[in-house]
Amino acid sequence: MKNILLVLLFVSSNLYAFCGFYVAKADAKLFNQASKVVMVRHDNKTVISMMNDYQGDLKDFAVVIPVPSVLKKDQIHIGDKATIEHLDSYTAPRLVEYFDRNPCQQVYRRTMEMSSAPTAQLGRAKGKASAKSLGVTVEAEYTVGEYDIVILSAKESKGLETWLTQNGYKIPDQAQKALKPYIKSGMKFFVAKVNIKEQNKTGLSYLNPLQVAFESNKFMLPIRLGTINAKGDQDIIIYILTKDGRVESSNYRTVKFPSNIELPEYVQNDFAQFYKDTFSAQVKKEGGQSIFTEYFWDMGWCDPCAADPLSNEELKSLGVFWLDDKKNYPIQPNPGTIMPRRMPQQAQPVKVTRLHARYNNKTFPQDIVFKETQDQQNFQSRYIIHHPWKGKVSECNAAKAYFDQLELRKENWAQNLANLTRWDINDIRKKVDLKPKEKKSEKKKSWWQKIWG
């Protein structure tokens, strides 16, 4: 059984233009029990959507979220799981394929067109009496969808921990220490647990996402409470929707994930394992203390698309509140105007940044603080496979040169794969039909050569 206690404010050279044919993606489902959080941010306004996965009995599920103020009932909403999964698919790392042309045919270079998309009711009397003696104030109580929600303020962490325990919230050891900084900074606590009767009415086998909207000058994601009951490293994937630029952390190193790398053809059959192992290798390389950018793009288009961009209705449901403002949209060109290649004819005033981190309470001792940059350079974690030409060397003079070059390319693909994943290079060479490289034997040196090199 797993008791969940989350805190989300809670908690190679570029040889090819973007294009190719999309064939596989590495979505959040690859990472067991990965937390998924959508943040919409502009000025001081924030909307957060939280995917609440759980294991065990629903009555043991609880979410504790530090918030800057007492939330009104209409600041809390139940979201749609499908919309968040759509956003996950749209931004997921992807594999694309190209097909080698026939070297025996005179082929004129063609430019590929852009791939775009339309492109429990709490014991009131007992709870309040107990709360007062513990220095806890129940600021508000609501039932929203399948959740019973209370908004709390507290004077000290021990009293808050005691109140939560007395009222049936199963919280882990050391919660008191983790709660203390939030109490000291004057934050309130949004506490939710499942109303079993209301959840049964939904007929769903999962919990709907919780959404909260608030105003705060702080652009951050509190994660410290979420580390105290973890049995090891945790993955978190954060999708941030903004109006202007790419988002990165201001208190942790943010790096772009390796991208635009050519891989052996067989990776197509196990892209999921490739990406999991590559991510683990990159985390280790960064000492477990970095956040990775996996995607940044305008929401109006994609190239290539792992899924269609989200519709205006889906974006609004996630909290994008500025879409109806006409001044956000660029002036449209006159009919017949030639648009720049691979640029959308109607850019959306919404940018999406996908960040991925693996962390624990030692590697990430602080909450994540964000900043929106002025960077608008498109980026995606993208990997490339080439399907070799299936002809014969005897077909033309150019065929021999092609196959000679293909052997060198295969070796390069094998090296790329080994470097990214730390897989054994000779195992990779066997799978791509390359002979293992023999180690050169060193000629035995005389004793004086060992002295003077």
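Biologist: How accessible is K371?
Modeller: This is a predicted model, and in it K371 has 38% relative accessibility, so K371 counts as partly exposed.

Biologist: And what does K371 pair with?
Modeller: The side chain of K371 forms a salt bridge with that of E248, at 3.5 Å from N to O. K371 belongs to strand 19 (residues 368-372) and E248 to strand 14 (residues 247-249), so the pair ties together parts that lie 123 residues apart in sequence.

Biologist: Switching topic, what does D298 pair with?
Modeller: D298 forms a salt bridge with K351, and their closest N and O atoms are 3.4 Å apart. This pair links distant parts of the chain, with D298 in strand 17 (residues 290-298) and K351 in strand 18 (residues 351-359), 53 residues apart. Both D298 and K351 are buried.

Biologist: What about helices, where do E411 and R429 sit?
Modeller: E411 lies in helix 8 (residues 397-421) and R429 in helix 9 (residues 425-431), 18 residues apart. The two form a salt bridge whose closest N and O atoms are 2.9 Å apart, and both E411 and R429 are buried.

Biologist: How many salt bridges does the count come to?
Modeller: The count comes to 15 salt bridges, including the one between E411 and R429.

Conventions:
Residues numbered from 1 in each chain as written. Predicted model: local features only at pLDDT ≥ 70, side-chain atom pairs only at ≥ 80, totals over all residues. Heavy atoms only, no water. Salt bridge = Lys/Arg side-chain N within 4 Å of Asp/Glu carboxyl O. Helix = DSSP H or I, 4+ residues; strand = E, 2+ residues; numbered from the N terminus. Buried < 20%, exposed > 50% of the residue type's maximum accessible area, 1.4 Å probe, protein only.
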